[in-house]
Amino acid sequence: MAGRKSAKRSGNAEEAQGLPGLEPPPDVAMEEAHHEANHKGHRQRLYTRFLDGGPDALQDYELLEMILFAVNPRRDVKPLAKALIRDFGDLWSVVNAPPPRLRGYCVGEVSLASDKAVAMLRAVGAAALRGMRQRVMDRPVLANWQSLLDYCTAAMAHQPMEQFRLLFLDRKNKLIADEVQQTGTVDHTPVYPREVVRRALELSASAIILVHNHPSGDPTPSRADVEMTKEILRAAHSLGIAVHDHVIVGKGKHVSFKAQGLL
């Protein structure tokens with residue numbers, strides 16, 4: 001019975017569409033078809049430029065457009081992509097933004113209203129960060145120092161709160177563990193030297209590198225940063241654990257205690 005009723009309604013709808021004056025005006029239908037063709041052509045051009053010229057052939061908002069195509073298949077997402085980069089600062093900040101800040105972000109009729117849309121953006125950031133981490137794990141730190149700095153910057157520079165990260169090394173200075181030990185406030189992270197040393201002993205680490213971020217963007221060490229580093233040095237050296245460096249990550253720059261003669 002339900003199937004027959006549906007068929008009847010469908011038939012009535014088809015008949016109504018055929019009645020004079022009820023079909024879409026020709027100019028509106030043509031405009032919609034033209035708009036649809038332009039969307040498809042624009043997307044195909046971006047795909048072709050990306051595959052032929054690589055990521056450098058596209059601007060940041062165009063790369064973001066390609067991600068958004070998957071969650072907004074029939075909409076013009078360029079205004080949304082441009083607005084996201086403008087408001088969040090850069091592409092990396094968009095794909096690593098907290099889900100609550102992304103969810104519901106709207107430009108015109110296009111929005112990040114669904115979990116799928118937010119998850120798609122976050123997955124891109126997570127995949128990129130995981131790839132960077134895999135390039136430094138189980139490898140000698142000194143031979144991959146720039147890659148390590150790039151990873152720490154990507155992981156920490158845009159965090160809204162201070163994080164204190166520990167990088168644990170074996171006797172060959174290979175990175176054997178990467179852990180965030182503490183997360184604090186916008187300008188302070190509690191650090192406990194005994195916990196730092198205890199964790200190093202648990203992992204049989206021979207050396208450690210300290211890393212923390214300044215959410216303000218300025219990586220200049222504070223007096224508290226210097227004093228905390230001295231305390232960790234004393235605790236680590238007493239047990240034969242070397243502290244190779246303490247790196248403070250800012251936005252677009254970093255400070256190395258070792259390079260500054262503070263270690």
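Q: Is Tyr105 buried or exposed?
A: Tyr105 is buried, at 15% relative accessible area; buried means under 20%, exposed over 50%, and partly exposed in between, with a 1.4 Å probe and protein chains only. This is a predicted model, where local features need pLDDT of at least 70, side-chain atom pairs count only at pLDDT 80 or more, and totals for chains, interfaces and linings use all residues. Residues are numbered from 1 along each chain as its sequence is written, and side-chain values use heavy atoms, with hydrogens and water left out.

Q: How many aromatic pairs are there?
A: There are 2. Rings of Phe, Tyr and Trp (its six-membered ring) pair if their centres lie within 6.5 Å; planes under 30 degrees apart are stacked, over 60 edge-to-face, and the rest tilted.

Q: What about Tyr47 and Phe69, which geometry?
A: Edge-to-face, because the planes of Tyr47 and Phe69 are at 90 degrees, with ring centres 5.8 Å apart.

Q: Switching topic, how many disulfides?
A: The count is 0, where a disulfide is a pair of cysteine sulfur atoms within 2.5 Å.

Q: Are the cysteines Cys106 and Cys152 buried or exposed?
A: Cys106 is partly exposed at 45%; Cys152 is buried at 3%.
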